[in-house]
Amino acid sequence: MSNDSKNAVSSRLSERTAKELADVIYRPGMAGFDNNALAALCQINDAHTVMLVEQGLIKHSVGQSLLRASAKIQEDGVEAIDLDPQFEDGYFAFESKLATMIGEDAGFLHTGRSRNDLGATLDRMRTRVLCLRMMDGLNGARAACEAKAAEHAETIMPGYTHLQPAQPITFGYFLTNVASALSREYDKVAAVYARINVSALGAAALAGTSFHIDRDRTANLLGFEGLAEPCLEAVASRDFVTELLWTATSALSMVSRVAQDMYVFCTHEFATISFPDRIAGTSSIMPQKKNMFALEYFRAASGRSIGALSGTLACIKGSNYSIGLDATREGITDAWPSLELFVNAMDLLRLIFECVEVKNEGLEQRCYENFSTATDLADGLVRSCGLSFREAHHVVGRAVQQAIDARLDASGMTVETINAAAMHELGRALDITANFVRDCLDPVRSVNARTTPGGTAPSEVRRMLTSLGAKRAKDLEVLANRRQNLDVASILLRAAIQKITS
């Protein structure tokens, strides 16, 4: 490119773009203009060219030249394009390359459109690909979580609230809850796709165009399911990006909480679960260390996603309701790597679910040691002794305190212990037996007794997993159809190009 004082892209501007402006604003975008970006740009250009020819807005011969040159540029790759930041962005660099190949006819490509609708369409295409990849990743994690949950539907472990012993559950039950949450997060991501996949092409700068273009035709050739309108909204808003980033942040925040639970569960003090060495790290100084970096990663990933979402919204909120770098290009710069982070994180999450193992030894006994079946004893007193639940709660609470004072666990609680508490709380003893106390305090019985919908009973866990699996199968079918629609659009575009160029 010439180093004279002429502006590279406009006769309106009498001076060459300042080096500082080019380096700070334009160069980063040029650096990110790779062959994937070139392919998307050519796809849009080709669809627009086909439509212009079909509408009689440009000559057939001009359309041929544009389409053949586009194919050649794609074949040569982005390395053959001068990505000097003086061109501002990839589109002007592409147009300059096009002009060197076919001359003045290159200018007909921009008939009836603007960089504004072109940029919005590129962003929508980029976002829909990321959305599909996010759904793929979530489905892989869901499947692994459901499989591991089914494997451990009867594996007893303590359940916690406030990180204190609460009631017995199974590891399969814990993971079923995680699988349900992942399914709900998938629904959020999938719902965004329909709002992403509408075409901004043809909205031009902000007011549409006086050329009699066919927006539906270009939308169809590019795999969009409808049109973004009105035209100002179509080019000025990137809320489809921020919405997808919000769903990613929501999902990562949930996964971060699960990772934190697993992080605690695999400590030496809890010793509930373990992971193979291949997904752990170590210490440079302490030879005994096995660090769960994979779980720590998710806590950081959620924070990074929150930061990207907050930063993106902060950029956009002060912009005018029209085109501006802060509302569009610069405003959403941090969203792209964060969405890529989400996709990569789902592969790691799938691996964690596949590899996690439960240390069965002693977990059932721990439910005695931490008195997590105390609620079942209170429930038993309500059913067998006619107490109100609050009365039973007080009796059992005092009995637990007495056992703790005597350095006993729940297995050491006797009829005498409970009746001593009953005398203190109620002024009378209760008609209960040793077998009654033993059965109420049995963790396996506690888990199996909860057969209400959503409960811990293995039969309920398996029912829920069957339902989650069936829903995931339907989600996979819808996802496959969406991918097929994009493939069909590509076929239609190639056929339309062939018809003009042959």
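Which element gives the largest share of the lining of the largest pocket? I looked that up before anything else. It is α5, with 13 residues.

**Ground rules**

I'm working on a predicted model, where local features need pLDDT of at least 70 and side-chain atom pairs count only at pLDDT 80 or more, while totals for chains, interfaces and linings use all residues. Residues are numbered from 1 along each chain as its sequence is written, and side-chain values use heavy atoms, with hydrogens and water left out. Helices (H or I, at least four residues) and strands (E, at least two) are DSSP runs, numbered from the N terminus.

**Entry: the largest pocket**

I noted a volume of about 1500 Å³ for the largest pocket. Its lining has 46 residues, and Ala37, Gly119, Leu122, Asp123 and Arg126 lie nearest the centre. Besides α5, the elements giving two or more residues to that lining are α1 (19-31), α2 (35-54), α4 (90-102), α11 and α18. For my own record, the search runs on a 1 Å grid over the protein atoms alone, and a pocket is an open set of points where a 1.4 Å probe fits, with protein on both sides within 12 Å along at least five of seven lines; lining residues have an atom within 4 Å of a point. Grid points are joined across faces, edges and corners, and the volume is the space filled by probe spheres set on the points.

Setting aside neighbours within four places in sequence, leucine 182 is in contact with Leu138, Ala141, Arg142, Cys145, Met254, Val255, Leu349 and Phe353.

Is asparagine 139 buried or exposed? It counts as buried because its relative accessibility is 6%, the limits being under 20% for buried, over 50% for exposed and partly exposed in between (1.4 Å probe, protein chains only). Not counting residues up to four places away in sequence, asparagine 139 touches Tyr186, Arg472, Leu476 and Leu479.

**Entry: the hairpin**

I found β1 (residues 156-161) and β2 (residues 164-170) pairing in the antiparallel sense over 5 bridges; pairing takes at least two bridges by DSSP. Methionine 157 in this pair stands opposite isoleucine 169 in β2. The hairpin has 2 residues between its strands, and histidine 162 takes a positive phi there, near 55°. Histidine 162 counts as exposed because its relative accessibility is 77%. I also took its C-alpha distance to valine 9, 153 residues away along the chain: 62 Å.

**Entry: α15 and what follows**

Helix α15 (residues 415-426) has 12 residues and reaches 15 Å from first C-alpha to last, close to the 16 Å expected at 1.5 Å a residue; that expected span is 1.5 Å times one less than the number of residues. Its buried residues are Val415, Thr417, Ile418, Asn419, Ala421 and Ala422. Their cover includes α13 (374-385), α14 (389-405) and α16 (434-440). Glycine 427 follows α15 with a positive phi near 80°.

In the loop between α15 and α16 I stopped at isoleucine 432. Isoleucine 432 counts as buried because its relative accessible area is 10%. Leaving out neighbours within four places in sequence, isoleucine 432 is in contact with Leu381, Cys385, Val415, Ile418, Asn419 and Val437.

Where is proline 230? I located proline 230 in the loop between α7 (215-221) and α8 (231-236). The peptide bond from glutamate 229 to proline 230 is cis, with omega near 0°.

Glutamate 88 is not a glycine, yet has a positive phi of about 80°. I placed it in the loop between α3 (60-76) and α4, and glutamate 88 is buried at a relative accessible area of 11%. Phenylalanine 371, also not a glycine, has a positive phi of about 60°. Its loop runs between α12 (363-369) and α13, and phenylalanine 371 counts as buried at 11% relative accessibility.

Definitions and conventions
Contact means heavy atoms within 4.5 Å.
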